[in-house]
Amino acid sequence: MNFDDLKNNQKEVLRLLENTFLKNRLVHTYLFEGVKGTPKIEAAYYLAMLILCEGETDKKPCLECRQCLNTMAFNNINVYLVKPEKESIKKEQIKELEHEFAHSALEGGKRVFIIEDIDKATSEAANSLLKFLEESNDNNYGILITDNIQKVLLTIKSRSQVISFREVPKATLIHELQLNDVLKEDALIFASITNDFQEALLYNTDEKVKKIIELVKEIGRVLILRTRSATVVLYKNGLFLLKETSKKYHNIFIDLLITYLNDQLLCLSDQKDKMVFFEEISKIESYIVNDIAKTSSLIEKLFEFRNRLNYNVNIELMYCQMLEEIAR
Ligand SMILES: [Zn+2]
């Protein structure tokens, strides 16, 4: 587990947790909230180490004792993780947690549970959790995590101490990616589709993502130059994508097409310094049709197509229709 993002970009959160720990004022239930990509899960494991650390020195977490090492390796029996199963957290999962913790109460010692995406708890699960929090003993600590604080039930919010994670500025993300040997243009591209540093680093070593970027550049080029049909390019260089079953890659493809079109808007409105596909587009900028309203409506269309990915769609048909519409 890597705590760099937490230490570099969430100093207030870290200071708050460390100070409350030192003053012995930790509460028993925390709710960590912030947009997707902020290091909430890392913070949860960090807090778990603070609570469980058996290090002899004053510096906690020591990152060296058995508790710290096991926690970092996701292998500490005193840290229990609950995640959504098939898009929701169910009552049975909370019951399992309860059962597990009832058992450990006999042995004594502190324990931490972490619940990811608490906003996805069913109302039965939320009720069981509230009851469990009510009856839980002083050795237990809970950390609830959400990307969507608006969707967390009020009863759960009011039962926890809410800690907010601020969004990392894009410029910081881009800078840190470059420090990690990501090329500038790639860093700009990844930062346009995620706020998550670790996720962006994964993209950088993902061959499929690289191929998608090339495909988007090529389709973008023919859309501007009108030399060929975008659909023909898709069939020539994008067969891998038509066969792809993971929605993640289709989201990336459409997101990057949106970025590419948005770049054209930036180019037309003299904000070239904000462009992502800067090198690509500046070569052919004189061919961009100067019609901001039309480009904006094409972007909206792409958002609609991306939305369709949430349903069972025939990817091939959808892409053909999409490219035909945005080539008009
Ligand atoms: Zn330790």
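Phe253 and Tyr319 touch the most other members of the largest nonpolar core, which has 57 residues. Such a core is a set of buried Ala, Val, Leu, Ile, Met, Phe, Trp, Tyr and Cys residues joined through side-chain atoms within 4.5 Å. Helix α14 (residues 247-268) gives the most to this core, with twelve residues. Phe253 touches Ile212, Leu215, Val216, Ile219, Leu241, Tyr319 and Met322, leaving aside residues up to four places away in sequence. Contact here means heavy atoms within 4.5 Å. A second, separate core holds 31 residues, among them Leu47, Ala48, Cys68 and Phe165.

This is a predicted model: local features need pLDDT of at least 70, side-chain atom pairs count only at pLDDT 80 or more, and totals for chains, interfaces and linings use all residues. Residues are numbered from 1 along each chain as its sequence is written, and side-chain values use heavy atoms, without hydrogens and water.

Now strand β3. Five of the five residues of β3 (residues 111-115) are buried, so the strand is largely enclosed by the rest of the structure. Buried means under 20% relative accessible area (1.4 Å probe, protein chains only). Helices (H or I, at least four residues) and strands (E, at least two) are DSSP runs, numbered from the N terminus. Arg111, Phe113 and Ile115 point one way from β3; Val112 and Ile114 point the other way.

Conventions:
Buried < 20%, exposed > 50% of the residue type's maximum accessible area, 1.4 Å probe, protein only.
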